[in-house]
Amino acid sequence: MTLTNLKIGETAIIKKLCSKDSALANELQELGFVPGTPVTLKSKGLFRDPLAFEIRGTTFALRKNEAKAVLL
Amino acid sequence: MKKVCLIGAQNAGKSTLFNKLSCMHAQTANYAGATVSFQKSKFKKRYKLDAEIVDTPGLTSLNGQSPEQVATVDTLFNEEVADLYIAVIDSTQLSRQLLLIEQLRDCGFPLLVCLTNKDTLLKGGQILDIKSLEERLKAPCILVDSHEASVAQYITAAIDKRLTQLKDQTTELDRSKLADLDARQLYIDIDDFLKKKQNIEKPKKETWIDKVLLHPILGIFCFFGIMFALFTSIYTFSAWPMDQVDALFDFLIESSSSQFNEGLGTDFLNNGIIEGLRSVFLFLPQIIILFFFLGLLEDSGYLARASMLIDKPLSMIGLNGRSFVPLLSGFACAIPAMMAARTIRNPLERLSTLFIIPIMTCAARLPVYVLLVAFIAPKEKPWMGGLIMTSLYFTSILLGIILATIISIVFRKKEKQPSFFQLEIPSIKRPLLAVVTKSTYQRSLHYIKKAGPIIIVISISLWTLTTFPRVNGEAAEVEKSYAASVGKFLEPAVKPMGMDWRGGVSMIMGFAAREVFVQSLTLMYRENEAPKNELVSSASTPPQEIVASEGIDEEEQEQLDLLETMRTVTFAGTSTKIFTLSSCIGLMFFFTIALQCFPTVAVAKQESASWKFALVQLFGLTGIAYLGAIAIVQGLRALGVK
């Protein structure tokens, strides 16, 4: 399961990051998307993309293909 | 003099502190080869701290990947080595923002940690253990509330104390440490530390505002509502100050004419310099107002939400949600707008954004549109004018979409870099007037500094071209000036657009600033009113008497005069009118796309770091405008539109 499978308001703990693009995985890590961190899906917007997640007290908007790299 | 540098995440409150500590005259420091600029200033005098303060772009991590972040980190390590670094961190977001501070600590930055947002922290009933934090960060920590009046005093005292502490120490930074700093390990450490040493519960600040603003349907309604309010407010609020600016320059010209004898010098002062200055300052009210409202939206946190809402549609045409703010700024002035495109990560998306920014209807186009719309819209149907104006805005957006799509189709295959969005959405808050004022001031200053000198130089050279050669010590008629020679030489090129040489000269003059076109039309066609002029003989319909009714001021009268002239002028030696419905629509199209603004070309070169890009943009956009205008004029004529 990845971040994109969350329902609005649902919280889950990050298991690991996995992406063909290692730069993206690194980037997400620098932002605080590291294993063990809880994430909540806040909003989906009109086009269901990007999605807004709450993590470490901050809201981040990530595109679906970015959010897919985060496994739950 | 000591140097103090502010570092912190984007929404940590860095700029707010900078505004409180610095004096109004902040300088923007640009660095060779890097598209990043730092704000520099001295401390406010009243704090009695003789030091320089530098504000840096927001950083989430020293290992960030975006060009702006990389350039910022490069500059921090190489160019801007300071005596003390104030690490600004939101006290309610330690779990995320501590990462940067720990990286700074490990690389040897002498720190003073400033924890902001004290009020929210206390409201949530949380207490920080400052001592353990100080031990961990190996630097003094202070907890502040940026809204408090005494905050600047408090921080300056802490800075002063810390500077004395560090007195003889020189800053030695070790960048090689960065490679060993694994974000994952750091975060685990931080989480562990926070769990053990700090009793912080997650502040739950779910607000109803976000439920509306980010709602799939309500959010879109809010988006269009806010944009509509933004654009109508520009017109509502800018009319009066623009009149004042105009009146000021009228006054300057009048007083210089009455002070000095008529002659070449006075003419140069009036029509070369003062008119040039007028072109520079006339749009300033509109630019200031738009940037002020943009600043309010930005500081309140709305623009980030708008960027998120619009990312999907923009990504379909090869742009990015982050293109939204630069494109929106383009409706005020392309120059600061291009600088705002620096946050776009992917090079192709960034260049594509830069490419279409100048098509957005900037303030300088409005005087031209106002004139042409007044010309083609029938007086008895004022709503038509509004409709045409609105459609001009939509045309510029539509053309932007088409061009961006073409660029994305042509270059997408070559592009290897992935497209990133990843935007932090700050919590919605009441915007701080001081921050908004300062950002408005900075952006407007960009416009004046970049565009001002170029506009004045062009204005002077245009004056020269229209005034010389002199015949027997007298100024030549426009008809015989160098400008006319150039115009007549170019006439075959503008004729298909339905213009004669005078219109052509005016279009070229528009390259100083687009509104100079209007001024130039007045100048070029003025000769018409003199009965001795051969051109008038061809006008079988004499200019209609214009009765100045009461309540019409001089300026409106001027526009009415010009409109009347435009209705009567004909191509030399014929009775074919120049300004018709078709040629005016052609002109509008031309002004919508043509990159008639040399200052923008200079900024495009700077931002793309490529002359090739800037020139392709200049000739590409102007070429499309030219060919499109011809096609429109000829097409309309073929359809029987005059």
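The legends below describe close-up views of a predicted model.

Figure 1. Over all chains, the structure holds 26 salt bridges. In one of them, Arg175(B) pairs with Asp74(B), with the closest N and O atoms 2.9 Å apart. Arg175(B) lies in the loop between α6 (151-165) and α7 (183-197) of chain B and Asp74(B) in helix α2 (residues 67-78) of chain B, so this contact ties together parts that are 101 residues apart in sequence. Arg175(B) is partly exposed, with a relative accessible area of 33%, and Asp74(B) is likewise partly exposed, at 30%. A further salt bridge joins Asp210(B) to Arg305(B), where the closest N and O atoms are 2.5 Å apart. This pair links distant parts of the chain, with Asp210(B) in helix α8 (residues 208-213) and Arg305(B) in helix α12 (residues 302-316) of chain B, 95 residues apart. Asp210(B) is buried at 9% relative accessibility, and Arg305(B) is buried at 1%. The side chains of Arg278(B) and Asp250(B) also meet in a salt bridge, at 2.9 Å from N to O. Here the linked elements are helix α10 (residues 264-282) of chain B, which holds Arg278(B), and helix α9 of chain B, which holds Asp250(B); the two residues are 28 residues apart. Arg278(B) counts as buried because its relative accessibility is 8%, whereas Asp250(B), at 31%, counts as partly exposed. Salt bridges that share partners join Lys42(A), Glu54(A), Asp210(B) and Arg305(B) into one network.

**Figure 2. Aromatic pairs in chain B.** A search of the whole structure finds 16 aromatic pairs over all chains. Phe237(B) and Phe293(B) form a stacked pair, with 6.0 Å from centre to centre and 25 degrees between the planes. Phe237(B) lies in helix α9 (residues 218-259) of chain B and Phe293(B) in helix α11 (residues 284-300) of chain B, so the pair ties together parts that are 56 residues apart in sequence. Phe355(B) and Phe613(B) form an edge-to-face pair, at 6.0 Å centre to centre and with 75 degrees between the planes. Phe355(B) is in helix α15 (residues 347-356) and Phe613(B) in helix α26 (residues 611-638) of chain B; the pair links distant parts of the chain, 258 residues apart. Phe355(B) is buried, with a relative accessible area of 12%, and Phe613(B) is buried, with 13%. Elsewhere, ring pairs link Phe77(B), Tyr85(B) and Phe109(B) into a cluster.

Figure 3. Leu398(B), Ile402(B), Ile406(B), Val410(B) and Phe411(B) make a nonpolar surface patch of about 450 Å². Within this group, Ile402(B) is found in helix α17 (residues 382-411) of chain B. Ile402(B) counts as partly exposed because its relative accessibility is 40%. On chain A, Lys20(A), Arg48(A), Lys64(A) and Lys68(A) form a positive surface patch. Lys64(A) is placed in helix α2 (residues 64-67) of chain A, and at 35% relative accessibility it counts as partly exposed.

**Figure 4. Backbone features in loops.** Most residues other than glycine have a negative phi, and most peptide bonds are trans. The peptide bond from Asp49(A) to Pro50(A) is cis, with omega near -10 degrees. Pro50(A) lies in the loop between β3 (38-43) and β4 (51-55) of chain A. Asn117(B), although not a glycine, has a positive phi of about 65 degrees. Asn117(B) is found in the loop between β6 (111-116) and α4 (118-123) of chain B, and is partly exposed with a relative accessible area of 22%. Ala609(B), also not a glycine, has a positive phi of about 55 degrees. The loop that holds Ala609(B) runs between α25 (598-608) and α26 of chain B. Ala609(B) is exposed, with a relative accessible area of 66%.

**Figure 5. Ser15(B) and Ser439(B).** These two residues are 424 residues apart in sequence and 9.6 Å apart in space, C-alpha to C-alpha. Ser15(B) is found in helix α1 (residues 14-21) of chain B. Ser15(B) is partly exposed, with a relative accessible area of 34%.

Key. Residues numbered from 1 in each chain as written. Chains lettered and ligands numbered in written order. Predicted model: local features only at pLDDT ≥ 70, side-chain atom pairs only at ≥ 80, totals over all residues. Heavy atoms only, no water. Patch = residues over 30% accessible without salt bridge, like charges linked within 9 Å, V, L, I, M, F, W, Y side chains within 5 Å. Areas by Shrake-Rupley, 256 points an atom, 1.4 Å probe, with all protein chains shown as cover. Salt bridge = Lys/Arg side-chain N within 4 Å of Asp/Glu carboxyl O. Helix = DSSP H or I, 4+ residues; strand = E, 2+ residues; numbered from the N terminus. Buried < 20%, exposed > 50% of the residue type's maximum accessible area, 1.4 Å probe, protein only. Lys, Arg positive; Asp, Glu negative; His and termini not counted. Charge placed at Lys NZ, Arg CZ, Asp CG, Glu CD. Phe/Tyr/Trp six-rings, centres within 6.5 Å; stacked < 30°, edge-to-face > 60°.
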